[in-house]
Amino acid sequence: MSGFELNKIMGAILSAALLLMVIGIIGDVLVQPKKHTSSMVVADAPATAPAPEKEEKLDPIGPLLAAANVEAGKKQANKCAACHTFDKGGKAKLGPPLWDIVNRKKAASDDFKYSPALAKKDGDWNYESLNIFIVKPRSYVPGTKMVFAGIRKPSDRANLIAYLRTLSDQPKPLP
């Protein structure tokens with residue numbers, strides 16, 4: 001293939017990219033979303049912000065851990081594997097490594113940059129705090145970078161926490 005042919009191919013690719021950019025700009029100009037303003041006034045509506053979501057009370061995880069299945073927890077951990085490593089000495093990915101996470105200080109991994117919201121959280125990742133966090137991470141730590149939706153089923157959380165407990169040279173005692 002001659003240099004002239006390569007120039008024509010590159011020109012076609014650049015022209016297509018330029019055309020897509022121009023179409024995108026024109027589309028942004030033509031379609032401008034506007035904030036919805038309502039002219040309807042509700043007389044009985046409070047003038048304050050909407051009430052926060054009702055926080056549900058979780059049962060203690062301890063009794064569920066007694067019957068937890070580590071192998072089932074390992075399967076649950078596959079949901080975490082895209083962002084976390086489980087190996088001893090594992091490096092941070094999108095999330096910090098989870099080796100020896102049980103009873104580790106929150107935001108304590110040196111090779112991971114935590115969100116400011118999580119960095120401000122005090123305490124350790126004990127069984128109960130892990131349970132609350134895994135239900136809905138963004139509810140437990142508003143402003144966290146973690147995008148995981150959570151695990152609603154208590155037995156699945158218990159299985160996962162039981163598996164995380166095994167990721168240590170000296171697993172922590174069960175509550």
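**View 1. Gly143 is exposed, at 53% relative accessibility.** Exposed here means over 50% relative accessible area, buried means under 20%, and partly exposed lies in between, with a 1.4 Å probe and protein chains only. This is a predicted model, in which local features need pLDDT of at least 70, side-chain atom pairs count only at pLDDT 80 or more, and totals for chains, interfaces and linings use all residues. Residues are numbered from 1 along each chain as its sequence is written, and side-chain values use heavy atoms, with hydrogens and water left out. You will find Gly143 in the loop between α6 and α7. Helices (H or I, at least four residues) and strands (E, at least two) are DSSP runs, numbered from the N terminus. Which residues does Gly143 contact, leaving aside its neighbours within four places in sequence? They are Ser115 and Ala117, where contact means heavy atoms within 4.5 Å. Look for Leu118 too: Gly143 and Leu118 are 25 residues apart along the chain, and their C-alpha atoms are separated by 7.8 Å.

**View 2. Ser115 is a buried residue in a loop.** Now step across to the other partner in that contact. Ser115 sits in the loop between α3 (70-76) and α4 (116-119). Its relative accessible area is 3%, so Ser115 counts as buried. Not counting residues up to four places away in sequence, Ser115 touches Gly143, Thr144 and Lys145.

**View 3. Asn103 and Ala107 each have a positive phi.** Asn103 is not a glycine, yet its phi is about 70 degrees. Ala107, also a residue other than glycine, has a phi near 55 degrees. Asn103 lies in the loop between α3 and α4, and Ala107 has its place in the loop between α3 and α4 as well. Are they buried or exposed? Asn103 counts as partly exposed at 35% relative accessibility, and Ala107 counts as partly exposed at 23%.

**View 4. Helix α5 is largely enclosed by the rest of the structure.** How many of the 9 residues of α5 are buried? The count is 7, namely Tyr127, Ser129, Leu130, Asn131, Phe133, Ile134 and Val135. Their cover includes α2 (62-66), α6 (137-140) and α7.

**View 5. Helices α5 and α7 pack together at an angle of about 130 degrees.** Helix α5 covers residues 127-135 and helix α7 covers residues 154-166, and their axes are 10 Å apart. Axes are lines fitted to C-alpha atoms, for helices over the stretch in contact, and angles run from 0 to 180 degrees between N-to-C directions. The two helices are therefore oblique to each other. Angles under 35 degrees count as roughly parallel, over 145 as roughly antiparallel, 65 to 115 as roughly perpendicular and the rest as oblique. The crossing of α5 and α7 is right-handed, a term used if the near helix is turned clockwise from the far one by less than a right angle. On the α5 side, the residues that meet α7 are Tyr127, Leu130, Asn131, Ile134 and Val135; on the α7 side, they are Arg157, Leu160, Ile161 and Arg165. Sorted by type, the residues of this contact give 6 nonpolar, 1 polar and 2 charged. Here Ala, Val, Leu, Ile, Met, Phe, Trp, Tyr, Cys and Pro count as nonpolar, Asp, Glu, Lys and Arg as charged, and the others, Gly among them, as polar.

View 6. Glu128 and Pro60 are 68 residues apart in sequence, and 6.9 Å apart in space from C-alpha to C-alpha.

View 7. Leaving out residues up to four places away in sequence, Val135 touches Leu58, Ala149, Gly150, Ile151, Arg152 and Arg157. Val135 and Ala149 are 14 residues apart in sequence, with 8.0 Å between them in space, C-alpha to C-alpha.
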